[in-house]
Amino acid sequence: MQRVFGSINIKSWKFLLTAAVLIVWIYCYVANGDVTNSVVASGMRFGMPLALASMVGIMCERSGIVNIGIEGTMLLSGFTGFYVASYTKNIIIGLIIAILTGMLTSFVHALMTIQWQMDQIIAGTIINILASGLTSFLYKEGSTVPNTWPIFDIPILSRIPFIGHAFFSQQGPIQYFGLILIPAIWVLIYKTRWGLRTRSVGENPGSADTAGISVIKVRMINVVLGGAIGGLVGGFICLELVGSFSKEFTAGAGFTALALMIFGRWNPMGAFAAAILFGLAQALSTQLQIFGVNNIPNQFITLLPYVFTILVLVFSAGKVRPPAAEGKVYKKEEA
Amino acid sequence: MDTLLNISNLSKSFPGVKANDDISLHVNKGEIVALLGENGAGKSTLVKAVFGLVRPDSGTITIKGESIAYGDTAAAISHGVGMVHQHFQLVPVMTVTENIILGDEPHKGMFLSMKAARQEVIELSKRHGLEVDPDSVVEDLPVGIQQRIEILKALRKDIDLLILDEPTAVLTPQEIDELLEVMRNLAASGVGVLFITHKLREVMAVADRVVVLRNGKLVGATTPSETDEEGLAQMMVGRNVVLQVDKGPAKAGEVVLSVENMTVKDSRGHEAVTNFSLELHAGEILGIAGVEGNGQRELVEAICGMRHRTTGTVKVAGVVAPDMDPRQVHLMGVSHIPEDREKDGLVASYSIADNLILNQFNLKPYATKGIRDFKVRDAYAEKLVEEFDIRTPSFENLASSLSGGNKQKVVVARELTQDLKVVVAAQPTRGVDVGSIEFIHNQLVSARDTGAGVLLVSAELDEILSLSDRIAVMFGGKIVAILPGEGADRQYIGRLMAGLTE
């Protein structure tokens, strides 16, 4: 009983936050249904790339590898995806190339950190600098892609009152795919053999090793799979959401994704919820600018999502518990 | 008899050390072989090579006549080898079931079938009489249970050879007896058991054969019936060792350390020491017996100023000691041999000489007006290295270059060569070989004889029994009994340590 007023229980805390969001949502919906629907839908659109990017972090860190190179992975794969699509006039090939680029970039990261046992922060930084330099150097103006992915409604689901419009209408295929992929990653991590092994490698590689699990193999595969998702996000942004490549288009999204991963406790569904919340804050700030709230300067309204991130991190920090072996090199033989 | 495991001419070097030098040994079906040796003798390396965790440089390992590929754990497992590791190889945040099935999970397609796994764990635990709750999270369980999980993990496959690397280091006497019983049962069912230990008593109790390693070489093999504990110790160390501590009766003086109604929380915020009171006299050794994790660590840290006291006071010779100020507590005459020498006792990347004056480097004569005097330091270091028999080519070498026993000697040398009122020694001989144990014990006794009060905290009941003038048994953050050291009953104390009052 004495714990009720003591430290705030994380579950009740999550519950309160969810309840608050729902109440605000319903209130706004009643007040102005159309605007609310479009704000929520654009919150989804802002949130999904971040949610997917944080899946990259989860795949890597659950197996014990810190990957701060998500930013660079997305940038590189967005670049190759866009220009290949532009050259071949085929966005499907472009997306495939983007995914392959992501895998290759992550493979380099895996090689540096797992095989050569390099510091993981430095490896990630190398990837970020490399990506930023390479894409800026090779960047050419004026390229276009023939088309972006079509936007459509999902039949039946989009008609569900209240949530249908937000989740299932007026989006592209990758956006919808994310709604399947994220729960699938959750199932992978918590319900499959691969997931159990991945978590054991991220928590205590020694125990995995003595159980006959190859720590190196599990880490390699997770990092490369994570890279595939990173490539998907790069392609997603350049070929579906925006439809073009611009220098440094990621603008820190890779790092925001890591913050959302931490906020979501390395749990795919948690990170997804965090990303959607962040996306909503961003959508709301855009909407406020459109409404033109006169007495608050625009700059402050644009700050809203970032203030939100900082607040969320401040209040959720301290209770987080990352995978125990994260960031540590695993050496098999120790005297 | 059927030979199960055969190791021949196995060698393995690590940079700077020959851990295993041309070792040959075998284990038969249904036989318990004890592998004995000092720290750094190469025991762990040898069994890790058998289990595929270490890749030998040369030599062959065969199991049931088939040779095993080097450095392949999966192959060792598939040949029927199970191993219980010195440092538990468990994933703390996972459940008992998840830990036991890891590596060979019951599954349907790619999905885990946790129901089947849980059932399997329950049956496994019943079959071997090792009770566990399949749904508990491992980190919430006491070490004795964690050990059980490790053994169940090893027994899950039908194994022919069970390797145990210092399995009894953290167990209560009762738990040790249970474990020895499990080993006997396994041997009776035809499993070969190879176990590493420091504890000669266990060897005498359970082993069919004893193999002794020293400096990476096999120096002898015997059976318990052909020798006794003294004989085994001599084989391990290579010289005569006196196992019984030679000490006269204590001349207890006035109270030098008193703890009054102290409550301390552990790092997770739970109460670890509850309303604790204790008096330590000059000229006595007060041993605190108890299974690890019953608040001993927090008690020691709170006394030495390394952990916050929620309530209560600590007085050194009648003066209240400050909370959370280890330097001040030290200056009041309390020396501290910490439980974790690597973390709290030494700076590994400093020289041995610097480590020896770590608590007074800024004081005269080691420094004047903030400038250090290395001549004084060197002379002092030379003297202590000699006096405490710290085995090193030079006191300029880094502390990290020393073996465990010699590191501990550095800590003991530093802490026991000053004017002392109180010595707090936490697990002073943990992971230290027989020869160094003898030496450290004698040092503690001589500190007592020069008038210091010694608070000895140890999980080794033998150590408590042989050194203490009084014994306090700690359980659940409290002292449950204080007994005279003379004629204390081992079994009775063991029961108290396990929380049984009757």
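A salt bridge here is a side-chain nitrogen of Lys or Arg within 4 Å of a carboxyl oxygen of Asp or Glu. In this predicted model, B:Arg201 and B:Asp462 form such a salt bridge, with their closest N and O atoms 2.7 Å apart.

**Domains of chain B**

- Chain B is divided into domain 1 (3-237), domain 2 (246-333 + 420-502) and domain 3 (348-418).
- Between the C-alpha centres of domain 1 of chain B and domain 2 of chain B the distance is 33 Å.

**Interface of domain 1 and domain 2 in chain B**

- On the domain 1 side of chain B, 14 residues are in contact with 16 residues of domain 2 of chain B.
- About 1300 Å² is buried between domain 1 of chain B and domain 2 of chain B, and 52% of this area is on carbon and sulfur atoms.
- One salt bridge is found across the interface of domain 1 of chain B and domain 2 of chain B.
- The interface of these two domains of chain B also has one residue pair in polar contact, with both residues at pLDDT 80 or more.
- Helices α6 (173-188) and α8 (229-237) of chain B each supply at least two residues of the side of domain 1 that touches domain 2.
- The largest share of that side of domain 1 of chain B comes from α8(B), with three residues.
- Sorted by class, the side of domain 1 of chain B that touches domain 2 of chain B has six nonpolar, three polar and five charged residues.

**Contact between chain B and chain A**

- Chain B gives 30 residues to the contact and chain A gives 25 residues.
- The two chains, B and A, bury about 2300 Å² between them, with 60% of it on carbon and sulfur atoms.
- In chain B, the residues that lose the most area to chain A are B:Leu53, B:Leu102 and B:Leu112, which together account for 22% of what that side buries.
- Four salt bridges are found across the interface of chain B and chain A.
- A:Arg197 and B:Glu105 meet through their side chains in a salt bridge, at 2.9 Å from N to O.
- Seven residue pairs are in polar contact between chain B and chain A, both residues being at pLDDT 80 or more.
- Two or more residues of the side of chain B that touches chain A come from each of β1 (3-14), α2 (73-78), α3 and β8 of chain B.
- The element that gives the most to this side of chain B is α2(B), with three residues.
- By class, the side of chain B that touches chain A has 16 nonpolar, seven polar and seven charged residues.

**Helix α8 of chain A**

- Helix α8 (residues 193-203) of chain A is mostly covered, with eight of its 11 residues buried.
- Among the buried residues of α8(A) are A:Leu196, A:Arg199, A:Val201 and A:Glu203.
- Within chain A, the buried residues of α8(A) pack against α2 (33-62), α7 (173-191), α9 (205-210) and α10 (215-241).
- From chain B, α3 (96-101) and β8 (111-112) also pack against these buried residues of α8(A).

**Residue B:Glu415**

- B:Glu415 lies in helix α14 (residues 404-416) of chain B.
- B:Glu415 counts as buried because its relative accessibility is 7%, and the cut-off for buried is under 20%.
- The side chains of B:Glu415 and B:Arg414 make a polar contact at 3.1 Å.
- Leaving out residues up to four places away in sequence, B:Glu415 touches B:His330, B:Ser335, B:His336, B:Ile337, B:Asn359 and B:Leu420.

Key: Residues are numbered from 1 along each chain as its sequence is written. Chains are lettered from A and ligands numbered from 1 in the order in which they are written. This is a predicted model: local features need pLDDT of at least 70, side-chain atom pairs count only at pLDDT 80 or more; totals for chains, interfaces and linings use all residues. Side-chain values use heavy atoms; hydrogens and water are left out. Domain bounds come from an automatic or database domain assignment. Contact means heavy atoms within 4.5 Å. Buried area is the accessible area (1.4 Å probe) that two parts lose on being put together, summed over both. A polar contact is a pair of N or O atoms within 3.5 Å; within protein, one must be able to donate a hydrogen and the other to accept it, and residues adjacent in sequence count only if both atoms are side-chain atoms. Helices (H or I, at least four residues) and strands (E, at least two) are DSSP runs, numbered from the N terminus. Ala, Val, Leu, Ile, Met, Phe, Trp, Tyr, Cys and Pro count as nonpolar, Asp, Glu, Lys and Arg as charged, and the others, Gly among them, as polar. Buried means under 20% relative accessible area, exposed over 50%, partly exposed in between (1.4 Å probe, protein chains only).
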